[in-house]
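Have a look at the picture, then read on.

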Amino acid sequence: GSTLSSCLHIVISYIVINKKVIVAPENSMLYMASVQNKGGHVCGGFLVSEDFVMTAAHCEKDNLTRVVLGTHNIKNVDEGKIRYIEKMYKHESYQDVWTGKDIMLLKLSRKAELNKKLQTTPLPRSEIHLGDNTKCYVAGWGFIKTGGRVVDELRVVDVSVINPRVCREILPPGLPNNVICAGGYKTKKGFCQGDSGGPLVCGGTAVGIVSFNWEKNCSYPHLPNVYTDVSKYLPWIKTILKRSKRSE
């Protein structure tokens, strides 16, 4: 029905905190990527190797062409910070955010040059189980409020992990497998449209990918934000990275 279709058309996601927004410190989150099409920023992402950016599978529909790396301000970007997308590896079983597997790797046309402003982010080494209320961070260039617009400066906010059972009970259509819930519920902090594909970072490790919020509503504190659990896809990630290396 119309409700379901409006739910499925979800997140290009923004960091919301008590109606205020916190600009990310310059020397933090050096792996952040702005994933763009010809019109500019559409999704977040994060650099996981010199030639791969991780993002959400649902971002693929936006005709992605390039990523911007190594800067927190995406307004005036010099060519050196741009990498074009050579190939998109969307999880082959992805259908929509409600069925999960919302993960994609973007192969860059040439390697990123790592330096003091650009680093890769560590991924989990094995499956993780985050404790309730674990404090993590999410960052992005998305809207600051429902129906807003993307911003130039990277924003960051701390969010707390929500028990999966609680999350499953309070989200109207239930929850896909292999996800993490954090922020948005019983708090005024969370993500919004334009942040999709960005990382949920816990203890310096990128453990989640911004996937969806309910009906694009960023006026919390009603419902949790949902992230793809990166640790559940480690074999898939390794396969893509290895396959790409072999073909070089």
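1. Let's start with Lys107, which pairs with Glu86 in a salt bridge whose closest N and O atoms are 3.7 Å apart. Keep in mind that this is a predicted model. Lys107 sits in strand S7 (residues 104–108) and Glu86 in strand S6 (residues 82–90), so the pair ties together parts that are 21 residues apart in sequence. Lys107 counts as buried, because its relative accessibility is 7%.

2. Next up, Glu127 and Lys232: their side chains meet in a salt bridge at 3.7 Å, N to O. This pair links distant parts of the chain, 105 residues apart, with Glu127 in the loop between S7 and strand S8 (135–140) and Lys232 in the loop between strand S14 (226–229) and H3. Asp229 comes in too: salt bridges with shared partners join Glu127, Asp229 and Lys232 into one network. Glu127 is partly exposed at 48% relative accessibility, and Lys232 is also partly exposed, at 23%.

3. Then there's Asp62 with Lys61, a salt bridge with the closest N and O atoms 3.5 Å apart. Asp62 is buried, with a relative accessible area of 16%, whereas Lys61 is partly exposed at 48%. The salt-bridge count comes to seven.

4. What forms the positive surface patch? The residues are Lys87, Lys238, Lys242, Arg243 and Arg246. Helix H3 (residues 234–247) supplies the largest share of this patch, four residues. Arg246 has its place in helix H3 and is exposed, with a relative accessible area of 67%.

Definitions and conventions
Residues numbered from 1 in each chain as written. Predicted model: local features only at pLDDT ≥ 70, side-chain atom pairs only at ≥ 80, totals over all residues. Heavy atoms only, no water. Patch = residues over 30% accessible without salt bridge, like charges linked within 9 Å, V, L, I, M, F, W, Y side chains within 5 Å. Areas by Shrake-Rupley, 256 points an atom, 1.4 Å probe, with all protein chains shown as cover. Salt bridge = Lys/Arg side-chain N within 4 Å of Asp/Glu carboxyl O. Lys, Arg positive; Asp, Glu negative; His and termini not counted. Charge placed at Lys NZ, Arg CZ, Asp CG, Glu CD. Helix = DSSP H or I, 4+ residues; strand = E, 2+ residues; numbered from the N terminus. Buried < 20%, exposed > 50% of the residue type's maximum accessible area, 1.4 Å probe, protein only.
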